[in-house]
Amino acid sequence: MTLARADQASRRYGDVLALDRVDLEVRAGELVGLLGPNGAGKSTLMNLLVGLRRPSSGRVELFGGDPRDPASRRQVGVTPQETGLPGTLRVGEVVDFVSAHYPDPVPRGELLDRFGIGDLVRRQTGGLSGGQRRRLAVALAFVGRPRLVLLDEPTTGLDVTARHTLWDAIRAFHDDGGTVLLSSHYLEEVEALARRVVVIGQGRVLADDTVDAVRGIVGVRRVSLLADELPELPGVVRTERIDGRLHLLTTDADELVRALVTTGTAFTDLEVRPTSLEEAFLAITGEDRPTAEGRPATAAARPTTV
Amino acid sequence: MQLALVHARYQLLEIIRIPVAVFGSAFFPAAAMIFFVVPFAGDDAVGATYATASMVTFSVMSANIFQYGVGVAEDRDQPWNPYTRTLPAGPAPRFAGRVLAGLALTYLSLIPVVVIGATLTAAQLTPAAFLLALGTVAVISVPFTLMGLAIGYSLPSKAAIVVAQVVFLPLAFGGGLLSAPGDAPGFIETIAPYLPTRGAAELMWSAVGDYSVEPLALVMLGVWVVLLAALAAWAYRRDEGRRFS
């Protein structure tokens with residue numbers, strides 16, 4: 001059974017085409033990762049699926065109905081942006097408020113314990129740490145005993161322990177038969193949770209496949225070194241020279257380094273670094289353009305990505 | 001309806017947790033009572049009753065313009081608001097809840113004025129007239145609620161605060177709220193009937209005393225309600241179109 005579906009869905013904001021004829025089907029029992037760099041269209045797709053926005057063309061469906069019809073959302077759980085929790089309300093009050101919208105909500109204590117914030121019931125959300133707020137925000141998606149939850153970047157900015165607590169809760173929900181659509185720009189997160197991953201870039205679906213298959217595509221490394229001239233090397237998808245330094249993007253850094261040493265080429269200052277998703281996809285799709293925010297996609301700035 | 005009450009309850013909670021916000025809309029009319037009404041009309045039962053009714057009108061106006069104008073504009077900045085629309089309810093309960101909460105807060109902000117009127121002046125009211133006045137407050141809330149909604153839905157929060165502040169004083173003075181009925185300076189008597197504050201004040205005066213309302217002010221009040229409703233509806237639709245379509 002298909003719980004959420006996008007059928008050639010496009011969304012335009014003025015001149016910007018945020019989503020370009022996207023097809024997506026989320027079936028009951030799946031845990032699907034939606035992977036892509038910032039500005040790729042993940043949030044726009046999520047917003048269409050929960051009825052906050054209307055597609056400019058194409059269709060979206062939730063439980064077979066229009067997501068903009070409240071009845072279609074009865075079995076769906078969504079996470080608010082954690083910065084948006086009403087700061088003066090207590091944690092317990094926020095949960096009670098959301099619970100009031102559902103016929104059979106999870107009891108407050110049980111829900112908060114599941115996310116490791118049971119001791120915060122009386123605290124105002126404005127006084128919580130970023131991690132606590134994030135956990136509360138994710139917990140809210142599960143209040144109404146949903147069959148499908150849509151989690152938009154649930155663990156961005158969390159420390160490792162908090163992230164694992166959340167992952168456990170999401171896995172437990174999935175093991176009980178729940179369906180999850182989770183967006184992230186961390187491949188690691190998608191790898192840890194999902195079997196199936198949908199890669200989005202520049203508003204289009206670039207890949208819809210198993211995690212293993214996608215890891216092969218995005219597992220691009222950047223090998224950089226100082227050398228005058230390089231021979232032909234295996235697995236290089238792109239070469240560039242910046243300030244005298246050679247940067248090679250490759251799908252197999254081990255093989256490349258081995259070949260480099262074997263050829264006996266003189267080089268110094270070898271570095272192997274992961275690339276950002278943006279870089280990986282720009283390399284793969286061969287589209288040379290500045291990233292969405294107009295800044296260069298630097299691998300160093302995103303240590304945990306990919 | 002049940003959900004509207006839930007939304008109203010939590011919106012009230014949010015506001016009451018920052019008591020200064022409640023205090024704000026009650027302060028100016030209460031201060032005006034103490035500085036203008038108590039010393040000048042305090043001993044005259046009829047005059048004090050009318051003056052108290054004027055201050056009640058003033059309070060209703062400022063409470064509504066600020067609550068809706070600034071409250072709605074601030075809400076629109078918060079990501080919490082779109083989140084509530086992903087719950088299986090849609091925007092209606094939240095809107096209804098806001099209006100209920102607004103009305104509750106309006107009554108709350110009247111307490112200081114009424115208490116001052118009852119204890120420090122000679123103002124007098126029969127229980128029946130008091131109930132009638134309570135009902136009239138809900139009626140005269142309508143134009144100012146609409147005005148607040150129009151401001152809140154059409155402006156960003158920083159601009160909404162300024163506009164709310166700029167609007168409410170001229171409306172109070174121009175409508176003749178700070179003088180006894182028929183006793184305002186000449187030019188104010190001329191413009192007053194054309195302002196929504198005057199029609200509202202006349203309704204309050206007729207609720208608390210032997211006062212017959214001026215038809216022109218009432219007709220104009222009706223015109224204002226229609227105009228402000230159209231403006232508020234336009235601003236609401238435009239905002240919906242920008243953020244949720």
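Modeller: Of the 245 residues in chain B, 44% are buried (a residue is buried if 20 or more other C-beta atoms, placed from the backbone, lie within 10 Å of its own, exposed if 12 or fewer, and partly exposed in between). Keep in mind that this is a predicted model, where local features need pLDDT of at least 70, side-chain atom pairs count only at pLDDT 80 or more, and totals for chains, interfaces and linings use all residues. Residues are numbered from 1 along each chain as its sequence is written, while chains are lettered from A and ligands numbered from 1 in the order in which they are written.

So what is chain B made of? Ten helices and zero strands, with helices and strands taken as DSSP runs (H or I, at least four residues, for a helix; E, at least two, for a strand) and numbered from the N terminus. Its C-alpha atoms fill a box of roughly 55 × 35 × 30 Å along the principal axes. The radius of gyration of chain B is 18 Å, which agrees with the value near 18 Å for a compact globule of 245 residues; that radius is taken over C-alpha atoms, and the globule rule is 2.2 Å times the number of residues to the power 0.38.

Now for contacts, meaning pairs of residues whose C-beta atoms, placed from the backbone, lie within 7 Å. Among those in chain B between residues at least 6 apart in sequence, 79% join residues at least 24 apart.

UniProt, in an unreviewed entry, puts "transmembrane region" at several stretches of chain B, including 47–66 and 129–152. Its positions are given in the numbering used here, feature names are shortened, and annotations may be inferred rather than shown by experiment. Residues 47–66 of chain B are 100% helix, with end C-alpha atoms 28 Å apart. Residues 129–152 of chain B are also 100% helix, and there the ends lie 34 Å apart.

Finally, the neighbour: 20 residues from chain B meet 23 residues from chain A. On the chain B side, helix 1 (2–16) and helix 4 (80–84) are the elements that give two or more residues. Helix 1 of chain B gives the most, with five. That side of chain B divides into 13 nonpolar, four polar and three charged residues (Ala, Val, Leu, Ile, Met, Phe, Trp, Tyr, Cys and Pro count as nonpolar, Asp, Glu, Lys and Arg as charged, and the others, Gly among them, as polar).

Definitions and conventions. Two residues are in contact if their C-beta atoms, placed from the backbone, lie within 7 Å.
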